[in-house]
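Good morning. Please take a moment with the sequence and the structure before I turn to the sheet and the pockets.

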Amino acid sequence: MTLTTINIEEVKSSVDATIEALQQELRELNHEIWSNPELAYQEHRAHDTICDFLEGQGFTVTRHAYGLDTSFEVLSGTGGRLINFNAEYDALPGIGHACGHNLIATSSITAFLALSFAIRKFHIPGRAQLLGTPAEENGGGKAKLIDAGAYKDVDISLMAHPGPQTLYPGEEPCDGIAGTLMNARKNIHCEFTGRNAHAGGNPWEGINALDALVSSYNNVAVLRQQLLPDQRVHCAFLDTPKVANVIPDYTKAFWQVRSPTLKGLNTLIGKVRNCIEAGALATGCQVKIDEDELYTDVRLNDTLCERYHVHMGGYSRKVLKRHEKVLTGSSDIGNVSYETPTLHTMFAIPAPTTSFPHHPTFAAAAGTDEAHTEALIVGKSLALIGWDMIVENEMYDVARRQWKEEILRE
């Protein structure tokens, strides 16, 4: 059998049969992750549960991969192109899997299994990689994996994120959006240092670090009227005075800055830094500013979006190929999209009409049988895209060219 004689419907039938045979085990795996939410870089139970499951399917698993204790890697196949699937499984404080990362893990594991068994059955050159990517919510696990070389040989990267049936307010419900723009994001940590004094006795001897922090916050508040509609700046005061009768000599804050493009983010970061430094200058404080956890914007790939649209249609799911509005959240999959052609699709799960990721109602929806069913369908569609990218040389070349053009456009 040659690549040209293998019909995609044969492959789809094989994928369907493979996942049907594993449906109950995958449901138990999904439920185990959902029932035991763990925060960034603490996903030890999820890591071990997934690794145990994959070893039970006959795969060799590298645990604690690339220097991250809760990452793992599984590889299958030989020769040919390498298709990467990303499994996320970290949760949110207090509200568990309110971003549905249990479903991300389930869909990516499903995709890896389906493509791996199809490669084996049809004896084609090609490889699949499943990466456990911890700490997407906070911590930038994929960025650290990139630095460690986890994606250096990857030809195509694929994953899917759950969401509501109406992702953008006022629009018609659908089964998902193949290509969704997301904001670039970066963190700013600032510490102001002044001088203590008695607030009632000799306040003029003090240098007020709280004034510096409040001034910087107000400076950003003034800046907001010049922000673009999709830009965001958030702040948390981490260390402030606990008594009122002392001029404080120290305060600390944490900022997150978002913009639709990496170029726009860099410009906005400079403006926010100026606001922070102005607070220090106005009060006479010293300020220390550190930046970390860059999440880039997501570079969309029209070929991968189109193939997802086609394959989800094969399962009677109606998805949009792409959306031009920016989803103002951020993800470290954006960093991957600067390394290789990437698909980060959004798929709809049944949920209350007012439900949205990062809300307790979405956590409940992410644990249902109906959501699991959607994750399996998405996983099978991702596997079929992986197949396309392995066997369809011209299609792969187009996807690669589009990716290069997207990177240069930035």
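The model is predicted: local features need pLDDT of at least 70, side-chain atom pairs count only at pLDDT 80 or more, and totals for chains, interfaces and linings use all residues. Residues are numbered from 1 along each chain as its sequence is written, and side-chain values use heavy atoms, without hydrogens and water.

Eight strands form an open sheet of mixed pairing, in the order β1-β2-β4-β3-β5-β14-β6-β13. Strands here are DSSP runs of E of at least two residues, and helices are runs of H or I of at least four, both numbered from the N terminus; two strands pair if DSSP finds at least two bridges between them. At the edges are β1 (61-63) and β13, each pairing on one side only.

Within this sheet, β2 (residues 72-78) pairs with β4 (residues 126-132) in the antiparallel sense over seven bridges, and T78 stands opposite G126 in β4.

Which elements give two or more residues to the lining of the largest pocket? A pocket is an open set of points on a 1 Å grid over the protein atoms alone, where a 1.4 Å probe fits, with protein on both sides within 12 Å along at least five of seven lines; lining residues have an atom within 4 Å of a point. The largest pocket has 26 lining residues, with C99, R258, G329, S330 and H358 nearest its centre. The elements in question are β11 (250-259), β13 (320-327) and β14 (342-348).
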